[in-house]
Amino acid sequence: MKFQNYSKKVIVLSFAFAFAFALLAFNATYAFTPNDYSFKVTNNTDAKIVRLLASEDGKKYGFFDIGSGIGVSKSMTLVWDKATDESGCEWYFKAVFADKSESEAVPFDFCEDELELVFD
């Protein structure tokens, strides 16, 4: 009798863990999908990048969430927001550094495959 209750508990717990694992795997798979537009940003400067500004027209800038920043000699992969799916290929980027200085605006063509923005 005790063995049957133990077996049922093991089976129920096994299914619960399998279900939880399946949910985690599903979320990890769909957090970043192959259809997302992504690009790599590399910081080859001697200062931490604390903000990354982007503009389609070179006048009005928005920014990417880069968390605590991109350290010296570090890289980060970023994903475009779905709201930009209908925008043009060429965008202007600026890096804002820890000392609040900004890089010059540089145009990048996002229609290129495997685009990498490198700040030197």
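**Local features of the predicted model**

Serine 73 is exposed, with a relative accessible area of 58%; here buried denotes under 20% relative accessible area, exposed over 50%, and partly exposed the range in between, as computed with a 1.4 Å probe on protein chains only. The model is predicted, so that local features require a pLDDT of at least 70 and side-chain atom pairs are counted only at pLDDT 80 or more, whereas totals for chains, interfaces and linings use all residues. Residues are numbered from 1 along each chain as its sequence is written, and side-chain values rest on heavy atoms, with hydrogens and water left out.

Serine 73 lies in the loop between strand E3 (62-64) and E4, where strands (E, at least two residues) and helices (H or I, at least four) are DSSP runs numbered from the N terminus. The phi of serine 73 is positive, at about 65°, although the residue is not a glycine. A positive phi is also found at lysine 100, which is likewise not glycine and has a value near 75°. Lysine 100 is placed in the loop between E5 and E6 and counts as exposed, at 65% relative accessibility.

One disulfide is present in the structure, a disulfide being a pair of cysteine sulfur atoms within 2.5 Å. The bond is formed by cysteine 89 and cysteine 111, with the sulfur atoms 1.5 Å apart. Distant parts of the chain are linked by this pair: cysteine 89 belongs to the loop between strand E4 (75-79) and strand E5 (90-97), cysteine 111 belongs to the loop between strand E6 (106-109) and strand E7 (116-119), and the two are 22 residues apart. Because the torsion about the S-S bond of cysteine 89 and cysteine 111 is about -50°, the disulfide is left-handed. Cysteine 89 is partly exposed, with a relative accessible area of 30%; cysteine 111 is also partly exposed, with a value of 49%.

Threonine 45 is located in the loop between strand E1 (38-43) and strand E2 (49-55). With a relative accessible area of 12%, threonine 45 is buried. Its side chain makes a polar contact with the side chain of asparagine 43, at 2.5 Å. A polar contact is a pair of N or O atoms within 3.5 Å; within protein, one atom must be able to donate a hydrogen and the other to accept it, and residues adjacent in sequence count only if both atoms are side-chain atoms. When residues up to four places away in sequence are not counted, threonine 45 touches Val72, Phe97, Phe119 and Asp120, contact meaning heavy atoms within 4.5 Å.
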